[in-house]
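Student: I have a chain open on the screen and would like to go through it. Can we take it piece by piece?

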Amino acid sequence: MESRETFKSRIGFIMTSAGCAIGLGNVWRFPYITGQYGGAAFVLFYLLFLVVLGVPIMVMELAVGRASGQSAGRSFHTLEPAGSHWHLFSHFALAGNYLLMMFYTTVAGWMVSYIGKTAGGTFLSLNAEEVTAVFDSMLSNPLEQLAWMALVIVIGFSICIRGLKNGVERVSTVIMTSLLLLIFAIVIRTVTLPGAAKGISFYLKPDFSKMAEQGIEKVIFAAMGQAFFTLSIGMGNIAIFGSYLGKEKALTGEAVNIICLDTFVAIMAGLIIFPACSSFGVNPGQGPGLIFTTLPNVFNSMPLGRLWGTLFFVFMAFAALSTVIAVFENIIAFTMEQNGWNRRKATLVTCVLLFFLSIPCVLGFNVWKSVQLPKIGGIQDIEDFLVSNNLLPLGSLVYLAFCVSKRGWGFENFISEANQGSGLHFPRMLRAYVTWILPAVVLFIWIAGYLQKF
């Protein structure tokens with residue numbers, strides 16, 4: 001097996017890890033969830049839960065990765081007490097990564113396809129119904145979707161095959177830098193649109209009466225769920241980058257940096273969506289279709305709308321690809337460690353395997369459209385439910401229990417690793433919180449997710 005690489009720079013680690021956390025949950029789901037649940041009041045709760053839920057679990061994942069020097073495939077084997085069975089979680093972590101990519105590559109393909117459609121003028125002079133028909137036509141065409149999905153997979157694996165420093169770190173840093181520049185440019189355009197001020201006020205000025213209209217408990221749970229799921233914690237996607245990290249910096253500060261960058265992109269995405277929707281009289285809480293069926297109409301109405309629309313979908317594609325690259329790297333590292341393969345063999349095998357595993361999601365929108373589970377939906381919804389409502393929260397519970405239990409790695413080992421190096425340290429006084437309260441909250445999120453569904 002090849003010797004293990006490490007990050008070339010700290011900024012490379014932050015950009016790559018943030019790229020894993022920053023994805024379509026930030027720039028697609030966050031704005032419309034915010035629109036549904038009353039704007040700024042929802043955002044305040046979301047930020048609160050990011051701190052109290054996200055930071056501790058991310059620090060634990062990073063600590064397990066750095067202490068073991070392994071992916072989720074071998075990290076528990078390395079750190080667990082003799083005779084324990086924590087390592088069984090590795091199979092669930094790998095399954096979760098594959099399941100995530102089995103539908104995420106398809107949605108990422110939509111984003112890439114819309115770059116070409118917008119730049120090529122497909123939406124020019126179309127009315128709202130005709131714009132919706134373009135999206136519906138793509139969903140009903142399995143070959144078109146397969147082609148875009150395959151392109152995303154090839155792009156992701158062609159980057160990962162070059163290794164951590166020359167592939168994943170270098171490209172993720174370029175993508176993330178470009179993403180930040182794009183988001184600044186698009187935000188400047190949207191906040192200066194006529195009538196944008198009303199959308200900005202809705203988004204940034206808390207109005208708890210709007211929150212009361214939705215039901216405070218419902219809004220708090222939605223904020224809790226969004227904060228939890230946006231960070232990709234619980235399946236080893238953050239742990240893998242901890243395993244490539246040196247001991248110079250304490251891990252709490254690194255986790256805070258990643259979460260701040262992740263949150264910044266989500267907040268800025270809202271500053272694109274809400275002013276644009278306000279300016280053109282569009283409901284920002286209408287659901288996922290907002291991106292593909294409504295915003296093309298908004299861009300059509302803007303001066304230089306074709307340019308701004310193209311830049312927007314480039315931004316969306318970059319957000320999706322940053323997650324794809326990070327999760328692919330986790331799967332490849334897992335495969336290398338489990339089988340003793342070199343990077344090239346692990347990359348080629350997982351590339352082919354993931355392509356075939358991703359086909360059902362594509363067919364679920366057309367040929368296999370009749371495949372449905374009551375209360376859940378089609379194939380993409382089923383895959384998303386398994387990951388978001390099960391593997392992420394339960395995986396986070398495993399990391400929590402492993403880091404605080406005497407039958408696991410234990411709190412003393414965890415805090416010693418987390419606080420090694422300079423920078424912000426994990427407070428020892430939080431031991432009771434992470435041992436009893438935080439696991440109860442995560443368990444509540446898991447159960448409440450089922451109650452909402454069924």
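Student: Where does L304 lie?

Tutor: L304 lies in the loop between α14 (289-301) and α15. Helices here are DSSP runs of H or I with at least four residues, strands are runs of E with at least two, and both are numbered from the N terminus. Before going on: this is a predicted model, where local features need pLDDT of at least 70 and side-chain atom pairs count only at pLDDT 80 or more, while totals for chains, interfaces and linings use all residues. Residues are numbered from 1 along each chain as its sequence is written, and side-chain values use heavy atoms, with hydrogens and water left out.

Student: Fine. What is the phi of L304?

Tutor: About 55 degrees, a positive value, although L304 is not a glycine. Most residues other than glycine have a negative phi.

Student: And is L304 buried or exposed?

Tutor: L304 counts as exposed because its relative accessibility is 63%. Buried means under 20% relative accessible area, exposed means over 50%, and partly exposed is in between (1.4 Å probe, protein chains only).

Student: Which residue other than glycine has a positive phi near 75 degrees?

Tutor: K375. K375 sits in the loop between α16 (343-363) and α17 (379-404), and at 59% relative accessibility K375 counts as exposed.

Student: Change of topic. How many helices and strands does the protein chain have?

Tutor: There are 19 helices and 0 strands. The radius of gyration is 21 Å, close to the 22 Å of the globule rule for 454 residues, so the chain is as compact as a globular protein of that length. That radius is taken over C-alpha atoms, and the rule is 2.2 Å times the number of residues to the power 0.38. Of the 454 residues, 59% count as buried.

Student: Which residues have the most contacts inside the largest nonpolar core?

Tutor: W28, F312, F315, M316 and F414, in a core of 165 residues. Helix α15 (residues 305-339) gives the most to this core, with 19 residues. Such a core is a set of buried Ala, Val, Leu, Ile, Met, Phe, Trp, Tyr and Cys residues joined through side-chain atoms within 4.5 Å.

Student: What is F312 in contact with, leaving aside its neighbours within four places in sequence?

Tutor: I186, I272, I273, I291, L295 and F299. Contact means heavy atoms within 4.5 Å.

Student: Now charges. How many salt bridges does the structure hold?

Tutor: It holds 7, each being a side-chain nitrogen of Lys or Arg within 4 Å of a carboxyl oxygen of Asp or Glu. One of them joins the side chains of E254 and R10 at 2.7 Å, N to O. That pair links distant parts of the chain, with E254 in helix α13 (residues 251-279) and R10 in helix α1 (residues 10-21), 244 residues apart.

Student: Is E254 buried or exposed?

Tutor: E254 counts as buried, because its relative accessibility is 1%. R10 is partly exposed, with a relative accessible area of 39%.

Student: What does E417 pair with?

Tutor: K247, in a salt bridge of 2.9 Å, N to O. E417 is in helix α18 (residues 411-418) and K247 in the loop between α12 (239-243) and α13, 170 residues apart. E417 is buried, with a relative accessible area of 7%, whereas K247 is partly exposed at 35%.
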